[in-house]
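Points are grouped by topic.

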Amino acid sequence: MAANDWEAALRGPDGPSRTASTVELAGFLRGTLARGFGNSLTESDLDDVVQETLLRIHNKLDSFSGRSRFTTWAASIAVNTALSELRRRQHEDTHLKDAIAAGEACLVAPEGPRAVARAQRERILSDAVDTQLTVLQRDAFAASLGGLPLPEIARRMGTSAGALYKLLHDARKRLRAHFDTLGLTMNDLLPAEED
Amino acid sequence: MPLSPEQRRELRHWLGTIHDQELDCDQFSELLAEFVDGAIEDETVRKLMQIHADMCPECQEAHAILVKAIDS
């Protein structure tokens, strides 16, 4: 069965055609994931991700617009499924509150005579985070600084990556508006030459 | 623990480049296949996809892996 026919077969009734297309699609997804992720995914990972992806494709089939190739659409679901699992695994020992604490610690200005000017600048940043953002925005911002990727922060907060991105987009606009009123650019606050 | 150089660069980029309209990650994921296939006709939407990929490391990673996976 050609790849072009998989979509139609999957939408069809249970039977040999649908089974065959599922098997072929699974093989395609496995090869696609192996190419995309290389050694990051074990054989067992590939099995699990392919199974999860097939389930998601089945559940989302009605949302396929037809504007992309079916294979690209299916592959995008597989890639996101694999990334979710890899990120979950990479950060499974990191508690949200620890990531928040790590991020907040980064915003504490450095000490020492040479660091006075830098400390003042970074204090402006940390004060802005404290005064301009909501509690949720502060936590998400700090957790991101603390090293958790957005999808993992979202998962721990019980929300979607999209909703969290919107929350942080608003946070960015608030901080930026605040710095604009102070007449400061980001390079004023965090000069590249101090990196 | 002060901000690392990488954190400083990310903050400068994250706070220095803000567009009034940005796609969120769910919207980006929904359109990713079309974007990779060159099937998004609306130039504004294409630009919004590029902006989001530029601002969101996780979505940028998904895009890069998908391109590599289907083009290899």
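In this predicted model, Arg89(A) has a relative accessibility of 32% and counts as partly exposed. Its salt-bridge partner is Glu85(A), with the closest N and O atoms 3.3 Å apart. Glu85(A) is also partly exposed, at 25% relative accessibility.

- Glu85(A) and Arg89(A) sit 4 residues apart in helix H4 of chain A, so about one helical turn separates them.
- An α-helix has 3.6 residues a turn, so residues three or four places apart point the same way.
- Glu85(A) and Arg89(A) belong to a network of salt bridges that also links Asp45(A), Arg88(A) and Glu92(A).
- Asp170(A) and Arg174(A) form a salt bridge in which the closest N and O atoms are 2.9 Å apart.
- Asp170(A) and Arg174(A) are both in helix H9 of chain A, with a spacing of 4 residues, or about one turn of the helix.
- Asp170(A) counts as partly exposed at 30% relative accessibility, and Arg174(A) counts as partly exposed at 35%.
- Over all chains, the rule gives a count of 23 salt bridges.

**Charged and polar pairs between the chains**

- Across the interface of chain A and chain B, 7 salt bridges are found.
- One salt bridge joins Lys60(A) to Glu30(B), the closest N and O atoms being 3.7 Å apart.
- Arg69(A) and Asp37(B) form a salt bridge through their side chains, with an N to O distance of 2.8 Å.
- This pair crosses between chains: Arg69(A) is in the loop between helix H3 (43–60) and H4 of chain A, and Asp37(B) is in the loop between H2 and H3 of chain B.
- Arg69(A) has a relative accessible area of 46% and is partly exposed; Asp37(B), at 23% relative accessibility, also counts as partly exposed.
- Between chain A and chain B, 21 residue pairs are in polar contact, both residues being at pLDDT 80 or more.

**Make-up of the chain A side**

- On the side of chain A that touches chain B, two or more residues come from each of helix H2 (16–37), helix H4 (70–90), H5, H6, H7, helix H8 (150–157), H9 and H10 of chain A.
- H9(A) gives the largest share of that side, 12 residues.
- By class, the side of chain A that touches chain B contains 24 nonpolar, 11 polar and 13 charged residues.

**Extent of the interface**

- In chain A, 48 residues are in contact with 41 residues of chain B.
- The size of an interface is often given as the accessible area lost when the parts come together.
- About 4,000 Å² is buried between chain A and chain B, and carbon and sulfur atoms give 60% of this area.
- Tyr165(A), Arg172(A) and Asp195(A) are the residues of chain A that lose the most area to chain B, together 18% of what that side buries.

**Helix H1 of chain B**

- H1(B) covers residues 5–16, has 12 residues and reaches 16 Å from its first C-alpha to its last, close to the 16 Å expected at 1.5 Å a residue.
- Its buried residues are Gln7(B), Arg8(B), Leu11(B), Arg12(B), Trp14(B) and Leu15(B).
- The cover over these residues includes helix H5 (96–106), helix H6 (116–132), helix H7 (135–145), helix H9 (161–181) and helix H10 (186–189) of chain A, together with helix H3 (43–55) of chain B.

- H3(B) has 13 residues and reaches 18 Å from first to last C-alpha, close to the 18 Å expected at 1.5 Å a residue.
- Asp42(B) caps the N-terminal end of H3(B), with a side-chain oxygen 2.9 Å from the backbone nitrogen of Thr44(B).
- Leu48(B), Met49(B), Ile51(B), His52(B), Ala53(B) and Met55(B) are buried in H3(B).
- The buried residues of H3(B) pack against H9 of chain A and against H1, helix H2 (25–36) and helix H4 (57–71) of chain B.
- Leu31(B) is in helix H2 of chain B. Leaving aside its neighbours within four places in sequence, Leu31(B) is in contact with Leu23(B), Ile40(B), Val45(B) and Met49(B).
- Leu31(B) and Leu66(B) are 35 residues apart in sequence, and their C-alpha atoms are 13 Å apart in space.

Definitions and conventions:
Residues numbered from 1 in each chain as written. Chains lettered and ligands numbered in written order. Predicted model: local features only at pLDDT ≥ 70, side-chain atom pairs only at ≥ 80, totals over all residues. Heavy atoms only, no water. Expected span 1.5 Å × (residues − 1). Buried < 20%, exposed > 50% of the residue type's maximum accessible area, 1.4 Å probe, protein only. Contact = heavy atoms within 4.5 Å. Buried area = accessible area lost by both parts, 1.4 Å probe. Salt bridge = Lys/Arg side-chain N within 4 Å of Asp/Glu carboxyl O. Polar contact = N/O pair within 3.5 Å; in protein donor to acceptor, adjacent residues only side chain to side chain. Nonpolar A, V, L, I, M, F, W, Y, C, P; charged D, E, K, R; others polar.
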